[in-house]
Amino acid sequence: MMNVSTLKKASQKNRSAMTRFMRDLVRIPSYSCQEKEVVHRIAEEMHKTGFDKIFLDKMGNCIGKIGRGKTVILIDGHIDTVQVTPSQNWTLNPFGGVMKNNRIYGRGAADQKGATPAMVYAGKLIKELGLEDDYTLYITCTCQEEDCDGLPILHIVEKEHIQPNFVVITDSTDMKLHRGHRGRMEIKVTMKGKSCHGSMPQLGVNAVYKMAPLIEEIETLNQSLHTDPFLGKGTVVVSKIECQTPSLNAVPDECVIYLDRRLTLGETKELALRQIRQMPHAKGAKIELLQYAATSWTGLKVAQEKYFPTWVTAEDHWLVKAGLEAGKYALGRKPVLTRWTFSTNGVASAGRLKIPTIGFGPGKEELAHTVQEYVEIEDMVKASIFYATLPKIIVQK
Ligand SMILES: [Zn+2]
């Protein structure tokens with residue numbers, strides 16, 4: 001249908017421009033809610049590569065549009081990163097845009113700025129090689145994913161009224177094709193006690209002591225959680241503990257724990273909350289789902305519950321088949337078909353909105369959030385072929 005060597009040649013011609021662009025992206029810090037500068041840099045590059053329309057939405061996501069055909073396809077990559085903290089021992093400048101051994105290193109290189117040049121230059125390939133068809137393609141470079149996965153996609157669909165029929169998430173897959181991942185949620189458990197002087201503990205009720213057996217029950221629950229053959233096991237872990245006490249010479253009157261709950265197939269937020277509420281030592285405890293609230297770089301106030309539903313797209317779904325086909329153009333072979341370990345914006349597109357979703361992107365998942373993050377330049381070039389060919393394959397169903 002499309003000529004492999006033409007695609008290869010045309011994509012390799014963009015290699016140095018993509019490399020320059022990627023080094024710039026790494027040089028511009030873009031923590032969640034602080035993406036303004038990187039968003040403008042991306043819009044500038046989209047203007048060079050020939051998108052029909054380029055705009056920033058109210059949340060500050062940068063969106064490039066091609067075509068006006070019937071099938072709406074959205075290819076999404078988040079452009080925010082986690083922080084660089086003083087305690088981490090980076091051996092190179094995380095914001096240097098360092099290039100060596102045909103790789104680009106730095107914060108966000110693997111998770112997941114490396115997909116942005118591929119997405120933007122896919123637009124150029126589509127225009128140059130005449131790959132437009134009966135589709136409308138949105139390339140979305142989105143904000144605040146690291147803080148609240150799925151939020152930008154929900155915003156784009158519900159507030160900006162873009163209604164995709166198919167979604168591709170470009171978060172790091174190391175050039176494999178992904179079709180799902182576990183969901184997650186954040187739970188807060190508050191246990192009340194009664195404080196009194198530490199010299200007479202028998203007069204109070206120690207909130208920490210009340211919490212202790214519940215913590216043990218949570219770990220027992222963790223060991224017994226369901227395992228799905230494709231997605232893996234559901235898990236629950238105490239990720240933080242704090243207590244309120246009048247002084248160090250007192251009995252604490254409140255203890256709070258936070259739970260990181262990973263949800264495998266079939267596990268919902270109702271089930272996960274019920275499991276904690278039903279524990280013998282949860283009596284009297286307040287158990288709640290946490291809420292996310294923040295202000296986007298544009299000043300927009302955004303909020304949602306911290307529940308990120310599990311999703312899987314069936315192996316025999318047309319989108320998966322189209323992804324394997326596009327993979328052949330990009331890699332010269334069928335990509336490995338698997339799933340993510342971490343969570344992505346797919347929790348909104350597939351998990352909440354039930355839009356068929358797959359994932360494909362450069363960068364290794366296991367390098368995400370580490371000090372060794374890098375992306376292979378060659379993988380960015382190959383991924384641009386994937387994103388350029390997939391929309392046409394999808395509509396030729
Ligand atoms: Zn990511």
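**Figure 1. Ile355 in the loop between α10 and β21 of the predicted model.** Ile355 occupies the loop that joins α10 (346–352) to β21 (357–359); helices (H or I, at least four residues) and strands (E, at least two) are DSSP runs, numbered from the N terminus. The model is predicted, so local features need pLDDT of at least 70 and side-chain atom pairs count only at pLDDT 80 or more, whereas totals for chains, interfaces and linings use all residues. Residue numbers start from 1 along each chain as its sequence is written. Ile355 counts as buried because it has 22 C-beta neighbours inside 10 Å. In this classification, a residue is buried if 20 or more other C-beta atoms lie within 10 Å of its own, exposed if 12 or fewer, and partly exposed in between, with C-beta atoms placed from the backbone. Leaving aside residues up to four places away in sequence, Ile355 touches Pro164, Phe166, Val167, Ser349 and Ala350; two residues are in contact if their C-beta atoms, placed from the backbone, lie within 7 Å. From Ile355 to Gln202 the separation is 153 residues in sequence and 57 Å in space, C-alpha to C-alpha.

Figure 2. Lys354 is not a glycine, yet its phi is positive, at about 60 degrees. Lys354 belongs to the loop between α10 and β21 and is exposed, with 10 other C-beta atoms within 10 Å. A positive phi, near 75 degrees, also occurs at Cys33, a residue other than glycine. Cys33 is placed in the loop between α2 and α3 (36–49) and is partly exposed, with 18 other C-beta atoms within 10 Å. The peptide bond from Asp111 to Gln112 is cis, with omega near -10 degrees, and Gln112 is located in helix α4 (residues 109–113).

**Figure 3. Packing of helix α9 against α11.** Two packed helices are described by the angle between their axes and the distance between the axes. For helix α9 (residues 318–331) and α11, the axes come within 8 Å and cross at roughly 140 degrees. Therefore α9 is oblique to α11. Axes here are lines fitted to C-alpha atoms, for helices over the stretch in contact, and angles run from 0 to 180 degrees between N-to-C directions. Angles under 35 degrees count as roughly parallel, over 145 as roughly antiparallel, 65 to 115 as roughly perpendicular and the rest as oblique. The crossing of α9 with α11 is right-handed; a crossing is left-handed if the near helix is turned anticlockwise from the far one by less than a right angle, and right-handed if clockwise. Among the contact residues are Leu319, Ala322 and Tyr329 of α9, together with Ile385, Phe386 and Leu390 of α11. By class, the contact of α9 with α11 comprises 12 nonpolar, 3 polar and 2 charged residues. Here Ala, Val, Leu, Ile, Met, Phe, Trp, Tyr, Cys and Pro count as nonpolar, Asp, Glu, Lys and Arg as charged, and the others, Gly among them, as polar.

Figure 4. Helix α2 (residues 15–27) packs on helix α11 (residues 377–395) at an angle of about 115 degrees, the axes being 10 Å apart. Therefore α2 is roughly perpendicular to α11. The crossing of α2 with α11 is right-handed. On the α2 side, Arg15, Met18, Thr19 and Met22 meet Ile377, Met380 and Val381 of α11. This contact of α2 with α11 has 5 nonpolar, 1 polar and 1 charged residues. Helix α1 (residues 4–13) packs on α11 at an angle of about 125 degrees, with axes 9 Å apart, and is therefore oblique to α11. The crossing of α1 with α11 is right-handed. Leu7, Ser11 and Gln12 of α1 meet Val381, Ser384, Ile385 and Thr389 of α11, and the residues of this contact divide into 3 nonpolar, 4 polar and no charged.

**Figure 5. Gly69 in the loop between β2 and β3.** Gly69 is part of the loop between β2 (62–66) and β3 (71–78). With 15 C-beta neighbours inside 10 Å, Gly69 counts as partly exposed. Gly69 touches Asp133, Asp134, Tyr135 and Thr136, residues up to four places away in sequence not being counted. Gly69 and Val395 are separated by 326 residues in sequence and by 9.7 Å in space, C-alpha to C-alpha.
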